[in-house]
Amino acid sequence: MATVHLRIGDLVWGKLGRYPPWPGKVVSPPKDLKKPRGKKCHFVKFFGTEDHAWIKVEQLKPYHPHKEEMIKINKGKRFQQAVDAVEDFLKKAKGKEQNSDGKGDSKGKKTPTKPLKILEEDDEDLSALKDPSEKDLTDSDPEPSTIERLGAGPGSGFKWESSPVKDDPHFHHFLLSQSEKPASSMEPISKRLKIIEEDAGSTSIQAADSTAINGSITPTDKRIGFLGLGLMGSGIVSNLLKMGHVVTVWNRTAEKCDLFIQEGARLGRTPAEVASMCDITFSCVSDPKAARDLVLGPSGVLQGIRPGKCYVEMSTVDPETITELSQVITSRGGRFLEAPVAGSQQLSNEGMLVILAAGDRTVYEDCSSCFQAMGKTSFFLGEAGNAARMMLILNMVQGSFMATIAEGLTLAQATGQSQQTFLDILCQGQMASTFVDQKCQNILQGNFKPDYYLKHIQKDLRLAISMGDMANHPTPMAAAANEVYKRAKALDQSDNDISAVYRAYIH
């Protein structure tokens, strides 16, 4: 079999654990960073990130021969940005080579580089990487190594190993990893997982279109179940699979499972079977009744719960439903977490949801890689019921705001003002947001394709008003908005987007 020799400065595709290959360059490691024992490996800097890692030789491919193959199987935005960074590097390298012709020997000159970040708790900088293009290999460099070619077809040129990053004791020295220190109950999971960004105050974790080659997402080895493949659930499951999780799916309408089976998911015949087969089972359904039926009904989740099994309720429901589900799950020895999500179908597809969790803290910890795959940040809010309360408040505000925007658009039209000009002015002021711009543009275009169902926001307004009554707290704004959404439902807008509340004002 043919062999490929790699040296300092070579461009490669490097693979970590279960994650897709990522473009990088073989570089010299810092002097104080020891090479792992065991199999031969190279120190690689990944393009599009500030991350570096020791990669075993069998997990490396030369860049150019496999470029087209890799681009076909990886479509994420961050991946494309990394490939673009490689092309920019090649152009600059070619330009330098042309400029250096006839200018004499430049030996000894160094180009300053950014210090290598070793992602520890203190994030201390190390000495700058040496420019590998200006030096020969020395005894301190990673040894030139061999990659054995196994075949010629696309996707089969090399056999990748699939051991998770966390199994290698060396990776935690320079990859994003879980903190060993306990976090406060109100702290975003992104800080606890040490997701480091340019802005030190940021609490956002990485979006799902990152292939996690920088180590920010190591998929749990626990078996994941997911019940409910609606607008939100479909995007969540897709991102769980994309990030390497083992997922078993179930949906009331079985045909919706087909696409995910093709993507590598397993099929569960009933909610009970999924719960019994999996370590952690998530559910995301439409309302409190559906959530109860899924757990308590025939062949429901409760029948599959055994001691140690975890159940995560992601549906937006009332606190009383959460309390009931928590009690029945824990009565069977199960562990319970609620984790409703703030966002839309688009944000779900992009892996940019905000997860609000409450209940069993150990389940929250066990779900960390899942939450990173599906969302940009995650909060733990304490005892079960708190996440439901917070979610209803957030949706109450969003629903009321959307109704007010629709009211403003129709009032502009009724008084002879341009709706587009109203929107243009609105988007230049303090209320400017992607939400306002997208919803208003869709209204003006007559596009009410659901990104978040109108019937669901009306349900959330109703539950928030009820929660206010129980707390003896007035909610007149929400009550007024609720009536407008009820009128929109009467006009057959239930299955349209929440922006279809606009139609309640023009009929």
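Reply: What follows starts with the core, moves to its surroundings, and ends with the rest of the chain.

The model is predicted. The largest nonpolar core has 35 residues. Phe226, Leu240, Phe282, Val312, Met314, Phe371 and Met374 have the most contacts inside it. Helix α4 gives the largest share, 5 residues. In soluble globular proteins, nonpolar side chains tend to be buried together.

Take leucine 240 as a way in. Leaving out residues up to four places away in sequence, leucine 240 touches Ile224, Phe226, His245, Val247, Cys370, Ala373 and Met374. Two of these partners, Phe226 and Met374, are themselves among the residues with the most contacts inside the core.

Next, a cysteine. Cysteine 310 counts as buried, because its relative accessibility is 4%, and buried means under 20%. Its sulfur is 6.7 Å from the closest cysteine sulfur, in cysteine 367. A search of the whole structure finds 0 disulfides.

Now the loop between β10 and α4. Glycine 228 lies there. Glycine 228 is buried too, at 6% relative accessibility. Beyond four places in sequence, glycine 228 touches Gly233, Trp250, Asn251 and Cys284. Serine 315 is 87 residues away from glycine 228 in sequence. In space, the two C-alpha atoms are 9.6 Å apart.

A second, separate core has 31 residues. Val436, Phe448, Ile457 and Ala481 are included in it. Helix α16 (residues 454-470) holds aspartate 460. At 0% relative accessibility, aspartate 460 counts as buried. With neighbours within four places set aside, aspartate 460 is in contact with Thr316, Leu392, Asn395 and Tyr452.

Elsewhere there is an open sheet of 5 strands. The order is β5-β4-β3-β2-β6, and the pairing is antiparallel. Strands β5 (52-56) and β6 (60-62) are the edges, each pairing on one side only. On average, neighbouring strands of this sheet are turned by 45 degrees against each other, direction ignored. Inside the sheet, 3 bridges join β3 (residues 22-26) to β4 (residues 41-46). Glycine 24 stands opposite phenylalanine 46 in β4. Cysteine 41 is buried, with a relative accessible area of 4%.

The chain has 17 helices and 18 strands. Of its 507 residues, 49% count as buried. Among contacts with a separation of 6 or more, 67% join residues 24 or more positions apart.

Last, confidence. The mean pLDDT of the chain is 79, and 74% of the residues reach 70 or more. Residues 106-215 are the stretch to treat with care: pLDDT stays under 50 there. The model has 262 contacts beyond four places in sequence for residues 106-215. Where pLDDT is low, the predicted coordinates should not be read in detail.

Terms used
Residues are numbered from 1 along each chain as its sequence is written. This is a predicted model: local features need pLDDT of at least 70, side-chain atom pairs count only at pLDDT 80 or more; totals for chains, interfaces and linings use all residues. Side-chain values use heavy atoms; hydrogens and water are left out. Two strands pair if DSSP finds at least two bridges between them. Helices (H or I, at least four residues) and strands (E, at least two) are DSSP runs, numbered from the N terminus. Axes are lines fitted to C-alpha atoms, for helices over the stretch in contact, and angles run from 0 to 180 degrees between N-to-C directions. A disulfide is a pair of cysteine sulfur atoms within 2.5 Å. Buried means under 20% relative accessible area, exposed over 50%, partly exposed in between (1.4 Å probe, protein chains only). A nonpolar core is a set of buried Ala, Val, Leu, Ile, Met, Phe, Trp, Tyr and Cys residues joined through side-chain atoms within 4.5 Å. Contact means heavy atoms within 4.5 Å. pLDDT is the predictor's confidence in each residue, from 0 to 100.
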